Amino acid sequence: EKSPQEAKPLAEKAVALAPTNPTMADTLAWIEHLLGNHAEAARLIARATKGVPNNSEVRLHAAFIYAATKDLPAARAELDAAIKIAPELANREDVRELRSRLEKR
């Protein structure tokens with residue numbers, strides 16, 4: 001498995017080759033998020049969620065990214081959307097942790 005640093009140039013190339021592909025934007029957004037570039041991640045994930053609004057994984061990535069940028073209303077909305085699409089996500093440990101972080105505020 002590649003580290004985010006190693007994966008970033010590949011994802012950037014994929015986005016450059018397929019700029020309208022929301023899945024590629026999601027991949028690059030998640031890599032930027034893992035690298036701590038949350039503002040760039042938020043910009044990319046907004047494109048991805050518009051392109052595939054019924055993709056629970058993309059919506060979940062958006063929730064984590066928006067939480068990292070402190071946009072809690074957007075994070076809550078994306079988390080709710082992801083779980084509505086795929087209710088089983090609610091059982092994941094990272095999702096439960098995120099929900100409790102978002103509900104505390």
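Analyst: Buried means under 20% relative accessible area, exposed means over 50%, and partly exposed lies in between (1.4 Å probe, protein chains only). This is a predicted model, in which local features need pLDDT of at least 70, side-chain atom pairs count only at pLDDT 80 or more, and totals for chains, interfaces and linings use all residues. Residues are numbered from 1 along each chain as its sequence is written, and side-chain values use heavy atoms, with hydrogens and water left out.

User: Is W30 buried, exposed or partly exposed?
Analyst: The relative accessible area of W30 is 22%. W30 is therefore classed as partly exposed.

User: Which residues form the aromatic pair, and is the pair stacked, tilted or edge-to-face?
Analyst: A search of the whole structure finds one aromatic pair (ring centres within 6.5 Å; planes under 30 degrees apart are stacked, over 60 edge-to-face, the rest tilted; the six-membered ring is used for Trp). W30 and F64 form this pair, with 6.1 Å from centre to centre and 75 degrees between the planes, so the class is edge-to-face.

User: How many residues apart in sequence are the parts that W30 and F64 tie together?
Analyst: W30 belongs to helix α2 (residues 22-34) and F64 to helix α4 (residues 56-68); a helix here is a DSSP run of H or I, at least four residues long, numbered from the N terminus. F64 is buried, with a relative accessible area of 14%.

User: Which residues in α6 meet α4?
Analyst: Contact means heavy atoms within 4.5 Å. From α4, the residues L60, A63, F64 and A67 take part. Their partners in α6 are D94, V95, L98, R101 and L102.

User: How is α1 oriented to α2, roughly parallel or roughly antiparallel?
Analyst: The axes of α1 and α2 cross at roughly 150 degrees and come within 9 Å. The two helices are therefore roughly antiparallel.

User: Which residues does A7 touch, leaving aside residues up to four places away in sequence?
Analyst: A7 is in helix α1 (residues 4-17) and is buried, at 17% relative accessibility. C-alpha to C-alpha, A7 and I31 are 7.4 Å apart in space, although 24 residues separate A7 and I31 in sequence. Not counting residues up to four places away in sequence, A7 touches K2 and I31.

User: Which residues does S56 touch, not counting residues up to four places away in sequence?
Analyst: S56 lies in helix α4. At 16% relative accessibility, S56 is buried. With residues up to four places away in sequence not counted, S56 touches A82, I85, A86 and L89.

User: What is the value of phi of K70?
Analyst: K70 sits in the loop between α4 and α5 and is exposed, with a relative accessible area of 60%. K70 is a residue other than glycine, and its phi is positive, near 70 degrees.

User: How far apart in space are L72 and K104, C-alpha to C-alpha?
Analyst: L72 belongs to helix α5 (residues 72-85). At 13% relative accessibility, L72 is buried. L72 and K104 are 32 residues apart in sequence, and their C-alpha to C-alpha distance is 11 Å.

Terms used: Axes are lines fitted to C-alpha atoms, for helices over the stretch in contact, and angles run from 0 to 180 degrees between N-to-C directions. Angles under 35 degrees count as roughly parallel, over 145 as roughly antiparallel, 65 to 115 as roughly perpendicular and the rest as oblique.
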